[in-house]
Amino acid sequence: MTSSSKQLSYLGITLLVFLKAMTAADAQAQDERNIPYQDQFGPSQAPERPLSPGQTPLEPAVKAALDVLYQRPSPKGPKPILLKEPQGIVIEGGGALVQVLPGPPAFPEKIPKRLKTVSPQHIPFSNNVQELRRGTFRAVAYDRTANDTKLSEDSMEVEITFTDHAGDKWRIEQAMLTPLSPNPIAEPWFGGVAIDTAYHGSTANGTPAVPQVRCMLCSWGWADIYKNGKRVASSAPLHVMLTSDTRGEDFTYSCYECAEQPVREVHVVVPPSAYLPSPGGFLHVMWEDAKWTRGSPNEIESSAPDLQPEVPTIELKAAPHLRWDKKEIRVKAGQKYRLVVHNEDPSSFHQFKLHSQPVSHEKHGKPDMRHEEGMTSGGIGPLLKPDGTRPEEHASPPAPKNVFFALPQGSTWATFGQFDKAGEYEFMCPVGNHYRRGMEGKFIVASAGGK
């Protein structure tokens, strides 16, 4: 047999296995719940319980083909490249505290036309700056991984509070680092943290609207944002930098090539994509004279402040065939926890939504899809409950607000949560018919003294 014939034969066998897998998947789809590996992460994993009557196990070849399809769209990323000399850093904000407000770019000639924003006169990197009276910034970060990967070993704790130019009090709680950039070639996130790197300006790393700096700390994370004690954003992107000086005594930009300036500016940036209730929908706050110390992780850990209390982490995954990997999650009232949600379903985009248990919850026959916040499987809008009452009149315990975020394939998001009252709270995916097909579960919240 010739080499080309062998290749065609191999391709034919691969195609047959693939088609057989698809045929099996189509047959399974006739009964949405007839899935041999229901609630499992991958086809090759055996079910935890015996198959229900009428279910048949998949053949090994079909499992192998589905495993390939399952892994490719949402891989955990390449193995992390560990740094030969991992670094740690402790930072405390100091000096003048300023807020950058919407305004025109300071260096418009540096921004290529293809990168100009929709509102070029209202960007987060302007010279429209106001000095603030009070704020706190402390951070401890460890850079152990050189590349973007979900298996990154970078870590960071941060404490951020400030009162803005309008007198509103803000608090930012970083739930975790974002170790995987959506575009690791054009916008690397270094596994979450980078210590001592070039950024912005003409580096082609970050926006050219900002001066080139020596970034002693660069990080991206997911954060919950509080304004005057009320949470106004969950899983908002948070960019923190400790950089060389860019602004002069009047707080306007004093240079564009600033890498040789002393390293002492702390930047806290929540980009406009967070849609915050603030001018321009973003935050950009700077401490002008920060103090910092870097060293090996062991050196830093021995003297670093403990900035965040330990809280339990709950991981939830969107698994193949429109399922959450957990149907029930048990916590106690008053207990703070970190919720990390992954989309490991290669077949679909998902969303995560947490709210109170609806009054009527039929999933067979004629579905009643009313929810506390007025969302249905077919649209979004204010709805009355089946008994004619409005959502705010419902007696079931209120769920944490603003716990809603999109989950593109392969993505991960994180937020903090806490239930004040015991009860049952539903989480679900409101995309299309995913909820009706079973993509829902519940938090079972026990009283603080209960089991």
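**Entry 1: the nonpolar core**

I looked up the largest nonpolar core of this predicted model and found 35 residues, of which Phe-137 and Ile-225 touch the most other members. A nonpolar core is a set of buried Ala, Val, Leu, Ile, Met, Phe, Trp, Tyr and Cys residues joined through side-chain atoms within 4.5 Å. Buried stands for under 20% relative accessible area, exposed for over 50%, and partly exposed for the range in between (1.4 Å probe, protein chains only). I noted that β1 (82-92), β4, β5, β6, β9, β10, β11 (263-270) and β12 (283-287) each supply at least two residues of this core. Strand β10 provides the largest share of this core, 5 residues. Strands (E, at least two residues) and helices (H or I, at least four) are DSSP runs, numbered from the N terminus.

I then listed the contacts (heavy atoms within 4.5 Å) of Ile-225. Apart from neighbours within four places in sequence, Ile-225 is in contact with residues including Trp-170, Ile-172, Val-232, Ala-236, Val-270 and Leu-283. I also recorded a second, separate core of 24 residues, which includes Tyr-337, Phe-352, Phe-405 and Phe-443. In soluble globular proteins, nonpolar side chains tend to be buried together.

**Entry 2: how the model is read**

I number residues from 1 along each chain as its sequence is written, and side-chain values use heavy atoms, with hydrogens and water left out. In this predicted model, local features need pLDDT of at least 70 and side-chain atom pairs count only at pLDDT 80 or more, whereas totals for chains, interfaces and linings use all residues.

**Entry 3: the chain as a whole**

I found 3 helices and 22 strands in the chain. Of its 451 residues, 49% count as buried. Among contacts between residues at least 6 apart in sequence, 68% join residues at least 24 apart.

**Entry 4: the largest pocket**

Which residues lie nearest the centre of the largest pocket? I found Met-176, Leu-177, Thr-178, Pro-179 and Trp-222 there, among the 43 residues of the lining. A pocket is an open set of points on a 1 Å grid over the protein atoms alone, where a 1.4 Å probe fits, with protein on both sides within 12 Å along at least five of seven lines; lining residues have an atom within 4 Å of a point. The largest pocket holds about 1,100 Å³ of space, a volume being the space filled by probe spheres set on the points. Strand β6 gives the most to the lining, with 4 residues. I sorted the lining into 20 nonpolar, 13 polar and 10 charged residues. Here Ala, Val, Leu, Ile, Met, Phe, Trp, Tyr, Cys and Pro count as nonpolar, Asp, Glu, Lys and Arg as charged, and the others as polar.

Tyr-199 sits in strand β8 (residues 197-199) and counts as buried, at 0% relative accessibility. Beyond four places in sequence, I found that Tyr-199 touches residues including Phe-190, Trp-220 and Met-241.

Asn-228 belongs to the loop between β9 and β10 (230-244). With a relative accessible area of 47%, Asn-228 is partly exposed.
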